[in-house]
Amino acid sequence: MINGDIFFNLSVRSVRLNFLRSLLAAIGIVIGVVAISSMGMLGTNMQLEVKDQLSASANTIVISSDAARMGPPGFTPSSSSSSGITKKELTKITSAVGTNGTVIPIYSTDGEFTINSIAGRGSIYGIDSDDISKFLKLNQTYGNGTLDIGLNEVLVGSEIASEFNVKVGDRIRIGSFSSSSRPELHIAGVLTSRGTVADGVSTDSGIVVDSKWYTNQYGGEDEWSQVNVIVKNVDNITGTENLIDTKVNTNAKTPSVRITDATTQLETETSTLSTVTTFIMAIGGISLLVAAVSIFNVMMMSVSERIQEIGILLSIGTEKGEVRRMFLYEAFILGLLGAAIGGASSLLIGYTVVEAMIGTTSYFFEPASIMYVPAAMLIGIIVCVISGVYPAWRASNMDPIDALRSE
Amino acid sequence: MTDTPIIQLEDVTKTYHLESGDYTALHHVNLSIMENDFIAIMGPSGSGKSTMMNQLGILDVPTSGNLYIAGKNVAEMSPLERTHMRRDSIGYIFQKFYLIPLLSAYENVEYPLILKYKRRDTTGKASSLLEAVGIGKELSEHRPTQLSGGQQQRVAIARALVNDPKILLCDEPTGNLDSKTGYQIMDIICDLHTKGKTVIIVTHDEKIAEYANRQIRLVDGRIAES
């Protein structure tokens with residue numbers, strides 16, 4: 001029995017009559033929908049994770065000197081300039097920040113080390129032991145450690161701990177493999193994983209030592225690689241940055257330091273990820289173009305096979321628009337079929353891909369991520385309907401006499 | 001019944017522009033068909049019978065001359081108006097039945113009603129018409145391919161009547177049927193004429209033509225005998 005629109009009903013029956021052919025045509029749409037939504041979700045999950053990780057240090061201003069000191073081409077640093085932030089600059093920063101935040105000067109370099117006779121390489125940070133607990137946390141699963149490290153103690157990052165099978169209390173030798181002086185220190189604790197951070201202290205594959213030990217080993221006392229300022233009120237972060245800029249960068253043409261925060265890095269990272277995501281989705285979109293050709297072909301076949309039926313419909317008083325609608329419905333049904341299978345597959349495949357590529361699916365069901373499924377389904381349906389426009393137009397404009405004569 | 005012809009052809013000519021040159025299928029045809037006429041159009045192959053039926057059924061328009069159906073000049077009607085006139089005022093019965101294969105017998109009969117009223121038939125008109133032509137409820141659920149030729153033609157007659165048209169155009173309605181079934185179908189058509197329909201039938205069969213009260217012979221696109 002006919003329920004609802006008779007033309008929709010006729011289209012459903014036509015698709016059902018040629019189900020295998022329709023299903024094969026719809027597979028193109030399935031692939032397109034899966035490609036677009038999975039890639040979209042992957043990109044968005046990456047962005048959300050980076051955003052979340054960077055937000056953890058949203059209250060931190062990072063002041064560094066390296067890029068600024070290099071200056072534009074042809075710029076020669078003054079003879080007094082060092083490779084890091086100077087004591088004088090630190091004093092100005094401290095003065096500018098005042099009671100609005102905590103100033104943490106940090107030394108850093110790349111270095112070699114050996115743990116349990118296994119050689120490794122990573123970042124080495126020198127931080128006053130009093131400052132460590134202000135932004136780093138301990139992971140107690142490797143043993144009861146402490147952040148309050150002494151001169152001969154270190155903290156290691158979570159990736160190093162995992163890779164070198166570290167336990168609190170193990171020994172570590174730090175220094176160039178070729179050097180004869182490779183002091184031995186104790187691992188006082190393992191730091192929790194920080195992931196992508198905006199404060200420039202990526203400890204996951206790094207080692208934290210006391211700043212005094214650092215300068216004894218590597219020199220460069222009072223020439224910090226960077227100074228982090230943890231502001232008390234994140235809403236005032238721009239104001240504090242402006243104060244520091246005014247006090248330290250007295251020469252506007254050749255600023256002494258570069259001042260950044262999580263917002264700057266977040267913008268850069270999300271912009272890059274967004275571009276990559278769009279590019280990958282566009283590649284996925286190509287499969288939808290191929291699907292469009294396939295749908296067009298199936299629709300043309302459907303029109304060719306039903307010429308006499310079209311002739312009957314037109315001769316007994318069916319309007320051209322109604323014939324057009326019938327074929328557009330058919331394309332819509334193919335799209336809906338492909339989009340439904342594609343949408344369900346996207347959830348499954350997208351979830352697996354996100355799990356495999358990012359390692360977490362905590363952001364998978366966030367609206368920004370899951371919206372790619374209905375969006376890709378909608379695109380798939382629209383592509384199908386557009387593919388059906390010409391066949392539908394052709395069917396509706398047939399001469400009923402010629403169409404009736406067709407066998 | 002009025003004295004105004006329900007169909008009037010005034011000097012109607014139909015010329016087809018073919019690659020091999022122009023071909024005129026109807027030459028200056030003049031004909032008046034009154035309401036409740038029963039006319040048989042006869043003639044050999046290529047005489048213009050089908051062209052004449054296409055003109056009367058407004059599936060085509062004359063190249064020159066005027067064709068009036070229910071007082072309206074077909075040439076002055078928009079394509080949509082012609083479509084609506086086909087739907088509402090003319091019932092078609094074809095030699096090859098031309099039922100919609102995707103619909104059941106009942107749905108085929110209901111289809112023109114849905115076209116006209118944009119909704120399902122709740123009046124029971126489709127069912128009663130099917131019963132009137134001898135198609136019971138069980139058969140009405142069948143698809144056209146599951147019905148015999150005679151049954152399909154009965155369904156086609158019910159479909160042609162469902163919008164209560166004044167004109168019935170029958171193109172060789174018994175051509176695909178055995179003689180017994182053919183006469184049964186003709187009895188139904190005669191009965192419809194008795195009930196007031198204007199019937200125009202195209203046939204090769206002299207016996208079928210004898211049912212009509214007026215016979216028109218076409219030869220080379222001209223009316224030879226009326």
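**Entry: the model**

I am working from a predicted model, so I keep in mind that local features here need pLDDT of at least 70.

**Entry: overall build of chain A**

I began with the secondary structure, and chain A has 14 helices and 11 strands. Next I looked up how far the chain spreads. Its radius of gyration is 32 Å, well over the 22 Å that the globule rule gives for 407 residues, so chain A is more spread out than a compact globule. I also noted the box along the principal axes: the C-alpha atoms of chain A fill roughly 100 × 50 × 40 Å.

**Entry: overall build of chain B**

On to helix packing. Two packed helices are described by the angle between their axes and the distance between the axes, and I looked up both for each pair.

How do the axes of α2(A) and α9(A) cross, and within what distance do they come? Helix α2 (residues 19-55) of chain A and α9(A) cross at roughly 180°, and their axes come within 8 Å. Angles over 145 degrees count as roughly antiparallel, and that makes α2(A) roughly antiparallel to α9(A). I checked the classes too: the contact of α2(A) with α9(A) has 20 nonpolar, 16 polar and three charged residues.

**Entry: α9(A) against α11(A)**

Helix α9 (residues 262-305) of chain A also packs on helix α11 (residues 320-358) of chain A, at about 140° and with the axes 11 Å apart. The two helices are therefore oblique to each other, and their crossing is right-handed.

Which residues meet here? From α9(A) I listed A:Ile295, A:Val298, A:Met299, A:Ser302 and A:Val303, and they meet A:Phe327, A:Glu330, A:Ala331 and A:Leu334 in α11(A). By class, this contact has seven nonpolar, one polar and one charged residues.

**Entry: α1(A) against α11(A)**

I stayed with α11(A) and looked at its packing with helix α1 (residues 6-17) of chain A: the angle is about 50° and the axes are 8 Å apart. That makes α1(A) oblique to α11(A). The crossing of α1(A) and α11(A) is right-handed.

On the α1(A) side the contact is made by A:Phe7, A:Phe8, A:Leu10, A:Ser11, A:Val12, A:Ser14 and A:Val15. The α11(A) side brings A:Glu322, A:Arg325, A:Met326, A:Tyr329, A:Glu330, A:Ile333 and A:Leu334. Nine residues of the contact of α1(A) with α11(A) are nonpolar, two are polar and three are charged.

I made a side note on A:Glu330 and A:Leu334: they are listed in the contact with α9(A) and in the contact with α1(A).

**Entry: where the chains touch**

Last, I looked up the contact between the chains, which takes 19 residues from chain B and 15 residues from chain A. On the side of chain B that touches chain A, α2 (79-89) and α3 (105-117) of chain B each supply at least two residues. That side of chain B has 11 nonpolar, three polar and five charged residues.

Key:
Residues are numbered from 1 along each chain as its sequence is written. Chains are lettered from A and ligands numbered from 1 in the order in which they are written. This is a predicted model: local features need pLDDT of at least 70, side-chain atom pairs count only at pLDDT 80 or more; totals for chains, interfaces and linings use all residues. Axes are lines fitted to C-alpha atoms, for helices over the stretch in contact, and angles run from 0 to 180 degrees between N-to-C directions. Helices (H or I, at least four residues) and strands (E, at least two) are DSSP runs, numbered from the N terminus. Angles under 35 degrees count as roughly parallel, over 145 as roughly antiparallel, 65 to 115 as roughly perpendicular and the rest as oblique. A crossing is left-handed if the near helix is turned anticlockwise from the far one by less than a right angle, and right-handed if clockwise. Two residues are in contact if their C-beta atoms, placed from the backbone, lie within 7 Å. Ala, Val, Leu, Ile, Met, Phe, Trp, Tyr, Cys and Pro count as nonpolar, Asp, Glu, Lys and Arg as charged, and the others, Gly among them, as polar. The radius of gyration is taken over C-alpha atoms; the globule rule is 2.2 Å times the number of residues to the power 0.38.
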